[in-house]
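Please report on the model shown here.

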Amino acid sequence: MRKLLVICGPTATGKTELGMYLAKMLAAGPKGSGPGGEIVSADSRQIYKGMDIGTGKDLPKKSKIQKLQDSKLEYGFFNITGVRMWGYDIVEPNEDFSVARYINTANLIIKDIWRRNKLPILVGGTGFYIKGVVDGIPTASVPKSLRIREKFKDKLVKELQDVLRKFDAKRFASMNESDKNNPRRLVRAIEIYKSKYKFEYKKHSEPNFNTLFIGLTTTKQILDRRIEKRVRNRLQVGFEDEIRNLLKAGITWDNQAMQALGYRQWQEFFTTSAKSVRNQREFAIESWIRSEKQYAKRQLIWFKKDNRIKWFDIKEKDYVVRVEKLVREWHNN
RNA sequence: GCUGGGAUGGCGGAGUGGACAAUCGCAACAGUCUGUAAAACUGUCGCCCGAACGGGCUACCUAGGUUCGAAUCCUGGUCCCAGCA
């Protein structure tokens, strides 16, 4: 049976690093040695080109995206210290992206990795994307409708609720209080209802591959400290220039990509007229750090519901050894 | 030193006699999740009892006072800010 290793958890826990290590540790194919694993990033922002520092791609200098010779796969990978990294740089920052697109992309990549008898390691903090790949999202096949989205763009929540209730009372009733107040979810529900595509809520079919979930976490204190340190480091290695380059290239603040954490917090700083620039910068940094911490919390909330995940606390010295043991056992039979 | 303004919950900031345990924003805490998911959205947020309706206690710098009733009015004190010296 095919296998997929998932490494998930909140930001700043060292998921990628662990993934790289495991990829190298595993033997390739029946008798080869070396990286028997390849990483597929499950990250909703690393998909964008030109957003490297802020999204934590940690690419070696001058690294270039490469394509496989013997494959029709249109996506490329980066070679990071001998390990293949997929899922980066899939679209331009001014392009639209969605889970559906991620799922299609990741599935193609994973299939190709299997074809070459290697282990795909899905690494990332975007729980929804991981869910999409591992469990599937039935409605994902319903494309978005620009017409509908435009039409309901500025409607009040109340109006959206009325519309959905009229079309699909059952669906509306099945939503919880928080989703009933969420304009995006309401519009999407309307969109699904209106869709020509026949859609049924089917039970998820059993995945035809075997998945091991590794979750990395730690205490809030340690996590907070790591987040702060990482943000400061990103500033040092030229994050602000990265934003400047994006703006120069014509990327605007209302592009979906720029809603990313760490980027959106700089809008004021880069658009305001001189004067209090110094304060704006401090403010941006502070609010960036704060947002990262809040994000980590949301990630934890998402992941902790999934009881397939085997959790490891990164403050425990031997966690890598223990993960490796677990992964090897799982991988070898 | 004089003149004027101000002191409100972790922070910012409303409220200027009863409907105030005090609008709102932030932070914090707890969550939601089937095509924007690093997004969007929900709940809680003085203390105690209660599932809840609710009840009790302590609160708007401090000490007094006026009033049936004060965060709101008056007096003294402390501190802060602005203008003048």
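## Alanine 189 and its surroundings

Setting aside neighbours within four sequence places, alanine 189 contacts Leu164, Asp168 and Arg171. Contact here means that C-beta atoms, placed from the backbone, lie within 7 Å. This is a predicted model: local features need pLDDT of at least 70, side-chain atom pairs count only at pLDDT 80 or more, and totals for chains, interfaces and linings use all residues. Residues are numbered from 1 along each chain as its sequence is written, while chains are lettered from A and ligands numbered from 1 in the order in which they are written.

Alanine 189 sits in helix H8. Helices (H or I, at least four residues) and strands (E, at least two) are DSSP runs, numbered from the N terminus. Alanine 189 is classed as buried because it has 23 C-beta neighbours inside 10 Å. The cut-offs are 20 or more other C-beta atoms within 10 Å for buried, 12 or fewer for exposed, and partly exposed in between; again, C-beta atoms are placed from the backbone. Methionine 175 is 14 residues away from alanine 189 in sequence, and their C-alpha atoms are 9.9 Å apart.

## The sheet

Seven strands form an open sheet with mixed pairing, in the order S3-S4-S2-S5-S1-S6-S7. From one strand to the next, the twist averages 25°. Strands pair if DSSP finds at least two bridges between them.

S1 is mostly covered, with five of its seven residues buried.

| Pair | Bridges | Residues opposite |
|---|---|---|
| S1 (residues 2–8) and S5 (residues 119–123) | three bridges | valine 6 and leucine 122 |
| S1 and S6 (residues 209–217) | seven bridges | leucine 4 and threonine 211 |

Helix H2 lies across S1, strand S2 (37–41), strand S4 (83–86) and S5. H2 runs at about 180° to S2. Axes are lines fitted to C-alpha atoms, for helices over the stretch in contact; angles run from 0 to 180 degrees between N-to-C directions.

## Domains

The assignment divides chain A into domain 1 (2–137 + 208–219 + 303–331), domain 2 (139–194) and domain 3 (220–299). These bounds come from an automatic or database domain assignment. The C-alpha centres of domain 2 and domain 3 are 32 Å apart.

## The surface near RNA strand B

There are 48 residues around RNA strand B, and Ser44, Phe128, Thr139, Ser178 and Leu261 come nearest. A residue is near a strand if its C-beta atom, placed from the backbone, lies within 6 Å of it. Helices H2 (99–115), H7 (177–180), H8 (183–194) and H12 (277–304) each supply at least two residues of this surface. H12 gives the most, with eight residues. By class, the surface has 17 nonpolar, 19 polar and twelve charged residues. Ala, Val, Leu, Ile, Met, Phe, Trp, Tyr, Cys and Pro count as nonpolar, Asp, Glu, Lys and Arg as charged, and the others, Gly among them, as polar.

## Two positive phi angles

Most residues other than glycine have a negative phi. Lysine 62 has a positive phi of about 60° although it is not a glycine. Lysine 62 is in the loop between S2 and S3. Lysine 62 is exposed because it has 5 C-beta neighbours inside 10 Å.

Asparagine 117, also not a glycine, has a positive phi near 60°. Asparagine 117 lies in the loop between H2 and S5. With 11 other C-beta atoms within 10 Å, asparagine 117 is exposed.

Key: Two residues are in contact if their C-beta atoms, placed from the backbone, lie within 7 Å. Lists of a residue's contacts leave out its neighbours within four places in sequence.
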